[in-house]
Amino acid sequence: MSIDLHSLNHRQQEAVTASDKALLIIAGPGTGKTYTLAHRIAYLLKGTAEPHSSILALTFTAKAAQEMRERVSQILQEEGACEHDDRPWIGTFHALGLEILRNEGKRLGILSEFRILSESEQIELVKEVLSQTMPSESLARVKKWIRLLSDRKNGLPPDSSVASSPLFELSDRLFNCYQSRLKDLAMVDFDDLILMPLTLFKEHPDVKAAYQNRIHHILVDEFQDINNLQYEFLNELLGPQTSLWAIGDADQAIYAFRGANVHYFLRFQKDHPSAKTITLEYNYRSAPPILIGAQSVIAYNTNRLSTACIPTITDVSSPITLFTTPHEKAEARCVVHEIERLIGGFRMESPVEGPDDVGFNDIAILYRFHHLRSHFAENLKQAGIPYQLVDKNVAGSDSPFSNVTPYLEILVNPHNDPAFRTLFPRVDKTFSMAVMHRLSSAAQNKGMSLYTLLSTSHGKGLLETRQEETVTQLISLLKCLQIHLQTGNLKDVIADICQGAHIPSPFDSQEQAGWLVLAEPFFTGSAAEKLSPFLETLSLLKEGETYNPRAEAVTLMTVHAAKGLEFPIVFMVGLESGIFPATEFGDTASNDEEERRLFYVGMTRARKRLFLSYARERYLFGEKRERTPSPFVYEVSPEVVETCPVPSQSEKKKKPKSKQLSLFSR
Ligand code: ATP
Ligand code: MG
């Protein structure tokens, strides 16, 4: 039995049906890599008598995994195949690591009910560990230390700015303290989800052999984003009979600073000398001007494995539009005005024709950093245009959910000190770093958790009267919530938290409702049972995973979050030197070639229309600064760009409105 492969081109068919033990597909954006991979899974499923669970498809985001599952089941439904209980395993590297640890972690002495440290908990834990030697480390420095810990776990050399710090020699001690606190708390961090299964496989070859025997086919999408540890993990999973199918685009490596991108494609070929390599050349996504423009930019990179990209969509040929605007407010106004125009004269006196049937969810506004989004959101709101903000992290500080998660974490485990440390300053601002340091030291000296310290007489005298009242109220709220947890569902418990703690309900945030799609399956049944799996799902999410493609709304997201997605109309905004490439942002390891790849990823999300914009002046870091266009804007081939200078309000008053179209020039 086989599936219908007529919708695939010749190369795609060859890839889907290949019987080679190792296969590498290197192809540009929109050439159908993910489409081909989904067909390959369906092909294997229909053509095999082996258990379906012998197929393992690895992605880098939970969202991509979800989409892959949907695409495979859609192909199978079209084929009339019924749903099977025995399913292929489709998920992220981290989700696989987590499953292995849950099943076999006891062999490493890990408690089966261990929890995953969230981003904010990790910050608090590192602050706690650092407080013994450096009580006043700034948040930026704490993040650097976290990076150092992570690099160390990933076998990477330390970041030069930290390595040159005189405190670097403390890093061994900090690392050991951090690890020992994780163990006390029965927690693992994100890197441990790969590192620990690797250790497990090394120390217990029988466990490794069992996985290798079970898995017959491994498929990896977005292979360019694999890192050192994940590559090693992948190799350990490969048994003598396992086939490996890796697919990716080196030009889209945007997480692999330090030259890791091309390196892993070359390493794959070296490690699997008999591997077949297939390239896909036809692009089914973008109109020719968009492809030409994107290719002209990426051609400036020297460290690449270049691939051809031949357009198949030839019925749209609008040039790329470049808006040059006087300041960030004008930029946002101009973009929203253009959106109104495109969706058919929405609220306009004289509607102008836009591309056929543009809906809100056909449009994305992409930016390099989250804080560039506020003016766009404001203008969309004023124009009455629905929009969705895709969050950096569902539990992270810019999400409506961020105030709720520490409560949920404490409900799972009241002795979770990092969650308490996250919560206190949010409940009462007087819980400063110094107060938290005092409390943590007292708890550690007595060998107890913050919860035990503060819910018993041990904590007496450590706080001011008003702070003690705050603690008493908090502990009594937590006790009530514990009771609700046993009787209600998770949605009710979240509502109770918001009511009891006087915090805004995440259910009220229309524009940040993407998380609800992920959360809804956990809202039925008992909260006590659903809470841990729900938090685990949240902790495995990465940037961009709250995007809901079905929402009738314009999407606002970072370029990173847009990877793998496509939209008929894309606006790339804030394209200024210092922002893109991100040289002005201290905690970002900026690298021109990597930033250019990111720019390329952004451009190639567009199917029919691509708009680029920048402002000549912008408030940044609390001051108004003059801006110059991103150097990448100059790299877009001039023959596919039309420049639209947007006048400032005062210029508009002087001159009659005119839209000047000219060829883009430096
Ligand atoms: P990216 O590099 O951005 O991840 P990709 O190579 O994975 O892109 P896909 O997302 O798989 O590309 O495909 C891009 C678009 O092209 C999708 O809309 C897909 O349905 C369509 N497509 C892919 N192959 C074909 C084909 N043979 N015929 C028609 N449409 C196709
Ligand atoms: Mg893809």
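# Terms and values in a predicted protein–ligand model

Q: Where is alanine 186 found?
A: Alanine 186 sits in the loop between helix 8 (171-184) and strand 5 (187-188). Helices (H or I, at least four residues) and strands (E, at least two) are DSSP runs, numbered from the N terminus. The model is predicted: local features need pLDDT of at least 70, side-chain atom pairs count only at pLDDT 80 or more, and totals for chains, interfaces and linings use all residues, while side-chain values use heavy atoms, with hydrogens and water left out. Residues are numbered from 1 along each chain as its sequence is written, and chains are lettered from A and ligands numbered from 1 in the order in which they are written.

Q: Why is alanine 186 called partly exposed?
A: Its relative accessibility is 22%. Buried means under 20% relative accessible area, exposed over 50%, and partly exposed in between (1.4 Å probe, protein chains only). Alanine 186 therefore counts as partly exposed.

Q: Why does histidine 502 count as exposed?
A: The relative accessibility of histidine 502 is 72%, so this residue falls in the exposed class.

Q: What makes arginine 421 a buried residue?
A: Arginine 421 has a relative accessibility of 3% and therefore counts as buried. This residue belongs to helix 17 (residues 417-427). Apart from neighbours within four places in sequence, arginine 421 is in contact (heavy atoms within 4.5 Å) with residues including Glu124, Lys127 and Leu450.

Q: What makes the pairing of arginine 421 and glutamate 124 a polar contact?
A: A polar contact is a pair of N or O atoms within 3.5 Å; within protein, one must be able to donate a hydrogen and the other to accept it, and residues adjacent in sequence count only if both atoms are side-chain atoms. The side chains of arginine 421 and glutamate 124 are joined at 3.3 Å, and the pair is listed as a polar contact.

Q: Which atoms of the protein approach oxygen atoms of ligand 1?
A: A backbone N or O atom of glycine 30 lies 3.0 Å from an oxygen atom of the ligand. A polar side-chain atom of threonine 34 is 2.9 Å from a ligand oxygen, and for an N or O atom in the side chain of arginine 605 the distance is 2.8 Å. The protein covers 84% of the 640 Å² of accessible area (Shrake-Rupley method, 1.4 Å probe; for residues, only the protein chains shown count as cover) that ligand 1 has on its own.

Q: What makes up the shell around ligand 1?
A: The shell holds 20 residues, the closest being Lys33, Gln252, Arg285, Glu566 and Arg605. A residue is near a molecule if one of its heavy atoms lies within 4 Å of it. The shell divides into four nonpolar, 10 polar and six charged residues. Ala, Val, Leu, Ile, Met, Phe, Trp, Tyr, Cys and Pro count as nonpolar, Asp, Glu, Lys and Arg as charged, and the others, Gly among them, as polar. Helix 2 (residues 33-47) gives the most to the shell, with three residues.

Q: Why is ligand 1 placed between domain 1 and domain 2?
A: Domain 1 (10-98 + 197-288) and domain 2 (318-390 + 547-663) both give residues to the shell, so the ligand lies between them. The domain bounds come from an automatic or database domain assignment.

Q: Why is alanine 562 called buried?
A: The relative accessible area of alanine 562 is 0%, so this residue is buried. Alanine 562 is in the loop between strand 14 (554-558) and strand 15. Not counting residues up to four places away in sequence, alanine 562 touches Leu366, Met557 and Arg605.

Q: Which peptide bond next to proline 581 is cis?
A: The bond joining phenylalanine 580 and proline 581 is cis, with omega about 10°. Most peptide bonds are trans. Proline 581 is placed in the loop between strand 15 (567-572) and helix 24 (592-603).

Q: How many helices and strands does the protein chain have, and what share of its residues is buried?
A: The chain has 26 helices and 20 strands. Of its 666 residues, 56% count as buried.
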